[in-house]
Amino acid sequence: MILLRVQRSIASPGKRAYHDLITLPSTHKPVISHGPPGYSAVSGHTVTVFGCTGFLGRYLVSKIAKMGTQVIVPYREEDEARHLKPMGDLGQIVPMEWDIRSDEQIAECVRHSDIVYNLVGRDYETKNFDYQSVHVAGAERIAAVSAACGVSRLVHVSHLNASATSPSKFYQTKALGEERVKAVFPTATIIRPGTMFGFEDKLLNNIAVSPWWWKLNRGRTQIRPTHVLDVAQVLADLMATPQMARTLSLPGPSTLTYEYLLDLVSAVTVRSFHSYAPVMPRGIATAVAKAAQAVWWPLMCPDEVTRRYLDDSAARGDWEELGITPTEIEPLALKYLRRYRTTDTYTDPVAFPARPSLTA
Ligand SMILES: NC(=O)c1ccc[n+]([C@@H]2O[C@H](COP(=O)([O-])OP(=O)(O)OC[C@H]3O[C@@H](n4cnc5c(N)ncnc54)[C@H](OP(=O)(O)O)[C@@H]3O)[C@@H](O)[C@H]2O)c1
């Protein structure tokens, strides 16, 4: 789309073409793009991104705002959405306060939008919000209010391992949430990414800081890490594709073990810390995680201990169909982990560990 617009603005400056006009399927509202591509472009779309203040949210908002889209960024804490403001041109990033339990506030956030993204999720429970209220009731409310407000498209982000029969409550509620969303918004696109890595991730950073939690199950659990920018690109591209009323799985390109990731982080940060970390038995880890719930800041929760023993789903990825090649973790590991090096080792070359051969 961007290439077409560059070509057009060179060939006939100031003129509009047929592909600049899209009519939304349900409301027949015209979406008209104009202007040159770039920061000050106007794609004509208005988009709401629930969960914009999170890890994936910042990359999605940045990508769609760069295309000239007006983005409604609902926030609970004003400061959490502040970094999103300069991602778009003046007036293009619109912060709005919201509560996941309020139909009225959700309606205010979606009523002018033609696409709604729901990225809301939490991998631990709090005093006010359990998994059910965020992943099931909250997801259903966003979908139902969006349908009632005539929103044309809903993109709901779930998890690669979402399963109603999973021993993890997190994965169970993610699966139940998908069902509820599909019931009230049948044309919704469900996205199931694997565990994501990037600058603000809870994977590489967490391994670098607390390696002992990743040695559970002797590090044998298998994981398919996905690059956050690949997932954000898929979500952004969905804006320009026709309705996709289906579930798309986005696992990383390789299946790795936690043991390998520990070795990788150790090699990249030039620290051999994890070899001294003890392997905690599951019972003790669960007891520590339960005791950790007494404090008011998030620490390892018992459900996370359960998840550390669950291999990632072997579902086939839908990348090819979406035209994106998923990125491997090794080429980016140094970029994301260099900050954990000391000044002495800051510029040292990396000797990557050998990848283990996995047997099913
Ligand atoms: N990160 C991963 O590895 C991974 C892998 C697969 C799937 N996913 C899913 O992808 C989505 C985005 O992940 P992420 O890593 O960006 O998550 P994240 O950094 O934890 O951000 C979660 C977002 O959800 C919002 N949220 C959580 N609880 C809420 C509540 N009770 N009311 C209102 N908003 C609430 C947060 O808002 P506040 O800032 O106000 O708290 C934040 O914007 C989630 O659904 C997650 O389950 C993540």
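Two strands count as paired if DSSP finds at least two bridges between them. With that in hand, here are some close-up views of this predicted model.

**View 1. Strand 8 and strand 12 run side by side.** Strand 8, residues 189–193, pairs with strand 12 in the parallel sense, over four bridges. To find your way in, look for Arg192, whose bridge partner in strand 12 is Ser249.

**View 2. Strand 3 is mostly covered.** Strand 3 spans residues 46–50, and five of its five residues are buried. Which of them point which way? Thr46, Thr48 and Phe50 point one way from the strand, while Val47 and Val49 point the other way, and all are buried. Strand 3 also pairs with strand 4 (residues 70–75) in the parallel sense, over three bridges. Here Val47 stands opposite Val71 of strand 4.

**View 3. Helix 3 meets helix 4.** The axes of helix 3 (residues 103–110) and helix 4 (residues 131–148) come within 9 Å of each other and cross at roughly 55 degrees. That angle makes helix 3 oblique to helix 4. Their crossing is right-handed. On the helix 3 side, the contact is made by Asp103, Ile106, Ala107 and Val110; helix 4 brings Arg141, Ile142, Val145 and Ser146. Sorted by class, this contact of helix 3 with helix 4 has five nonpolar, one polar and two charged residues.

**View 4. Helix 8 meets helix 12.** Here the two partners are helix 8 (residues 258–269) and helix 12 (residues 330–337), with axes that come within 10 Å and cross at roughly 55 degrees. Helix 8 and helix 12 are therefore oblique to each other. The crossing of helix 8 past helix 12 is right-handed. Which residues make the contact? Look for Leu264, Val265, Val268 and Thr269 on helix 8, and for Glu330, Ala333, Leu334 and Leu337 on helix 12. The residues of this contact between helix 8 and helix 12 divide into six nonpolar, one polar and one charged.

Conventions. Residues are numbered from 1 along each chain as its sequence is written. This is a predicted model: local features need pLDDT of at least 70, side-chain atom pairs count only at pLDDT 80 or more; totals for chains, interfaces and linings use all residues. Axes are lines fitted to C-alpha atoms, for helices over the stretch in contact, and angles run from 0 to 180 degrees between N-to-C directions. Helices (H or I, at least four residues) and strands (E, at least two) are DSSP runs, numbered from the N terminus. Angles under 35 degrees count as roughly parallel, over 145 as roughly antiparallel, 65 to 115 as roughly perpendicular and the rest as oblique. A crossing is left-handed if the near helix is turned anticlockwise from the far one by less than a right angle, and right-handed if clockwise. Two residues are in contact if their C-beta atoms, placed from the backbone, lie within 7 Å. Ala, Val, Leu, Ile, Met, Phe, Trp, Tyr, Cys and Pro count as nonpolar, Asp, Glu, Lys and Arg as charged, and the others, Gly among them, as polar. A residue is buried if 20 or more other C-beta atoms lie within 10 Å of its own, exposed if 12 or fewer, and partly exposed in between; C-beta atoms are placed from the backbone.
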